[in-house]
Amino acid sequence: MTVTALSAGAVALGGSGALAAQAAPAAAGKPLPAHLAAPYFEAWTGESPAALAAESGNKYLTMAFLQTPAAGSCTADWNGDSTQPIDKATFGADIAAIQARGGNVIPSFGGYGADTTGTELADSCTSVDAIAKVYESLVTTYGVTRIDLDVEADSLNNAAGIDRRDKAIAKVQRWAERGGHHVQFSYTLPTTATGLAPSGVALLRNAVDNGARVDVVNIMTFDYWDGATHDMAADTETAAAGLHDQLASLYPKKGPARLWHMIGVTEMPGIDDYGPEETFTPQDAVTVEAWAVAKGINTLSFWALQRDNGGCVGTAGANSCSGIAQDTWRFSHAFEPFTHGAGVS
């Protein structure tokens, strides 16, 4: 997502949490709720996603990131670390524990670090079939039902990678239909305060042209870097409204409610990478959650769960704290009520 926050080049500590040593089968994949809160979990820290999910009250997490260990590879590993493959031995027990509590995780590919080093899977691998097999392996290994694709920076302008990715999505969706799997795909994209930049719209147009169903377009409503002081809650609403209009032109057969239900929003609690001019407060979180319910959007998220504390007041863009005075898990508690509705495939 951002230079500091979502750098997939952060040091991977090799562990998958306290539960990683336990063997556990993947749970049968169940559709996610129609509306869910799923903050990002920084998978490189060595912490247990199951433990932090329980402590924070989150039933759903978006786990970041999967990337190739080197440009040109068709193998995706957690954090790009070949000692952390897509395998039950890596995060399998943690994911099973979250599923046993009625939740699930959303594995996320890419992030700023991968998207600027050629290690985002579809940028790195030139085989559509191989890309699709990696996506399928997440479903069969962990029992997940949504895959997130964080595309930004260089990856947003890699036409060949964009086309391969969308062809792979369509291939996985045909595989899922044949095998009775539930699989959704979300695209996480940077935004302006009034909607996607042309590169983001072009990416989605390619998905339409390839017959790839995009279930959620998740915009990162932070790090605008436009020199302005932002009302972060208000600008979340204008960014999403702009996206709604852009989606209407891409999907003219969908009515307003269905278009709103394609939208996800990811915030950055506290002071983002730009600085104090872009500060998302606990009251902003309350405002955004109420707006999200009223509009019927699909997903609320934030970067990242490990930032949901007030341990570094005044610091911008930290990975482990929000930079503002807050109670621990304040943003998790603000967004958690958003999770509701029957599962949709």
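Biologist: What span should the 21 residues of helix H6 have?
Modeller: At 1.5 Å a residue, helix H6 (residues 159-179) should span 30 Å, and its end C-alpha atoms are 30 Å apart, which agrees. The expected span is 1.5 Å times one less than the number of residues. Helices (H or I, at least four residues) and strands (E, at least two) are DSSP runs, numbered from the N terminus. Please note that this is a predicted model, in which local features need pLDDT of at least 70 and side-chain atom pairs count only at pLDDT 80 or more, while totals for chains, interfaces and linings use all residues. Residues are numbered from 1 along each chain as its sequence is written, and side-chain values use heavy atoms, with hydrogens and water left out.

Biologist: Which residues of H6 are buried?
Modeller: Among them are Ile-162, Arg-164, Arg-165, Asp-166 and Trp-175. Buried means under 20% relative accessible area, exposed over 50%, and partly exposed in between (1.4 Å probe, protein chains only).

Biologist: And what covers the buried residues of H6?
Modeller: The cover includes H4, H5, strand S6 (146-150), strand S7 (184-190) and helix H7 (198-209). Contact here means heavy atoms within 4.5 Å.

Biologist: What follows H6?
Modeller: Gly-180 does, with a positive phi near 75°.

Biologist: Turning to the disulfides, how many are there?
Modeller: There are two, a disulfide being a pair of cysteine sulfur atoms within 2.5 Å. One joins Cys-74 to Cys-125, with the sulfur atoms 2.0 Å apart. Cys-74 lies in the loop between strand S3 (60-67) and strand S4 (77-78), and Cys-125 in the loop between helix H4 (121-124) and helix H5 (128-142), so the pair ties together parts that are 51 residues apart in sequence.

Biologist: Is Cys-74 buried, partly exposed or exposed?
Modeller: Cys-74 counts as partly exposed because its relative accessibility is 29%. Cys-125, at 0%, counts as buried.

Biologist: Which cysteines form the other link?
Modeller: Cys-312 and Cys-321 do, their sulfur atoms 2.0 Å apart. This link is right-handed, with 110° about the S-S bond, and both cysteines are buried.

Biologist: Now strand S9: which way do its residues point?
Modeller: Ile-263, Val-265 and Glu-267 point one way, Gly-264 and Thr-266 the other, and all are buried. In a regular strand the side chains alternate between the two faces of the sheet.

Biologist: Which strand pairs with S9 over four bridges, and in which sense?
Modeller: Strand S8 (residues 216-220) does, in the parallel sense; two strands pair if DSSP finds at least two bridges between them. Strand S12 (residues 299-302) also runs parallel to S9, joined by four bridges.
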